[in-house]
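Please read it with the coordinates open.

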Amino acid sequence: MTPPDRPLLQVSELVREYTLPREHVFRAPGKIRALDGVSLSVSAGRSIAIVGESGSGKSTLARLVMALDTPTAGTVHLLGRNLHTLPPAELRHARRDFQMVFQDPYGSLDPRQSVERIVTEPLQAQGTTSRAAQREQAAAVLSQVGLRTSDLGKYPHEFSGGQRQRIAIARALITRPRLIVADEPVSALDVSVQAQVLNLMQDLQQDFGITYLLISHDLAVVNHLCDEVVVLYQGRIVERGSPAELFSHAQHPYTRSLVAAVPQVQPGRARARRAAAADLNAQADAKPMV
Ligand code: ADP
Ligand code: MG
């Protein structure tokens, strides 16, 4: 277990600059600061949402936390380890503790690979378990996300969008991670399907003590899963608080526009979270299972 004084995830003064294509041969290429000094910390079991308009740096932050990209400055510690200075073999081993779910369940699953192959991919990358043990674990996670063992031999095109996102979640779950980074995990899905996938994510949070770093532009989605919301604007954190605090007194114009976009939720009410969940559930009940 993580001691209470050590956060699961600690992001300190993170900066990521990108060099823009050179516009003039005699001029130095321009730079853009996609992230400009972002700090946050997340305790085990407390999920955090990153919201912000397009281009505010959300995916850049997700990639850095996943150690898929290197910061210009600053650090990311997971369970006390600095992910960007770990030797490659140790980073590979550490990857079992943090996994990612992407936005697009169509694009993020290789259409030529079977579900078994897709879901066991993180175990293959770890290279420690036998094929038979991998298959067994894949069958177990498939049932945990509401799919069948018989789905192991199928291919992505045989599933609906919601089911494909369940496959992506199963793949993330198979190493028993502490942290799942989810970049807009339901925004490509129908609203009714969104609720089912969010409910699944919430169940997994409770059953396995998973912490989410959830990227979303939808405060109803955030409300469902997260204890804390961080608002990014042009690579900086401009606002943070609980979902209820943001609903009741958002300061930044972008946050206010997000709150205004959630008409079902009455601002400032403690029951906002439950209301949003109930509303999503009601919408889900009205439609057939995916
Ligand atoms: P978000 O996910 O919030 O939409 P991103 O993190 O994708 O934002 O992008 C933040 C900023 O960094 C944007 O201005 C984007 O154009 C820029 N950016 C992202 N990735 C690259 C890259 N590989 N090269 C150059 N600029 C990039
Ligand atoms: Mg993005």
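The points below cover the sheets, the helices, the ligand site and the backbone angles.

1. Ground rules. The model is predicted: local features need pLDDT of at least 70, side-chain atom pairs count only at pLDDT 80 or more, and totals for chains, interfaces and linings use all residues. Residues are numbered from 1 along each chain as its sequence is written, chains are lettered from A and ligands numbered from 1 in the order in which they are written, and side-chain values use heavy atoms, with hydrogens and water left out.

2. Six strands make an open sheet, in the order 6-7-8-3-9-10, with mixed pairing. Its edge strands are strand 6 (98-101) and strand 10, each pairing on one side only. Neighbouring strands are turned by 20° against each other on average, direction ignored. Strands here (E, at least two residues) and helices (H or I, at least four) are DSSP runs, numbered from the N terminus. Two strands pair if DSSP finds at least two bridges between them.

3. Strands 6 and 7. Strand 6 runs parallel to strand 7 (residues 179-183), and four bridges join them. V101 stands opposite A182 in strand 7. Helix 6 packs on this sheet and touches strand 6 and strand 7; its direction makes about 170° with that of strand 6. Contact means heavy atoms within 4.5 Å. Axes are lines fitted to C-alpha atoms, for helices over the stretch in contact, and angles run from 0 to 180 degrees between N-to-C directions.

4. Helix 6 itself. The helix covers residues 161-173, and its end C-alpha atoms are 18 Å apart. That agrees with the 18 Å that 13 residues should span at 1.5 Å a residue, where the expected span is 1.5 Å times one less than the number of residues. Buried means under 20% relative accessible area, exposed over 50%, partly exposed in between (1.4 Å probe, protein chains only).

5. Strand 1 pairs with strand 4 (residues 73-78) over five bridges. Q10 stands opposite H77 in strand 4.

6. Helix 1. Six of the eight residues of helix 1 (residues 58-65) are buried. These are K58, T60, L61, A62, L64 and V65.

7. Ligand 1. The residues around ligand 1 include Y18, I32, A34 and R63, along with E53, S54, G55, S56, G57, K58, S59 and T60. Each has a heavy atom within 4 Å of the ligand. An oxygen atom of ligand 1 is 2.7 Å from a polar backbone atom of G55. For the side chain of K58, the distance from a ligand oxygen to an N or O atom is 2.9 Å. For the side chain of T60, that distance is 2.6 Å.

8. Positive phi. Which backbone angles deserve a look? Most residues other than glycine have a negative phi. E13, in strand 1 (residues 9-19), has a positive phi of about 45°. E13 is exposed, with a relative accessible area of 51%. Q234 has a phi near 50° and lies in the loop between strand 9 (228-233) and strand 10 (236-241). Q234 is exposed too, at 57%. A67, which follows helix 1, has a positive phi near 55°.

How values were computed:
Polar contact = N/O pair within 3.5 Å; in protein donor to acceptor, adjacent residues only side chain to side chain.
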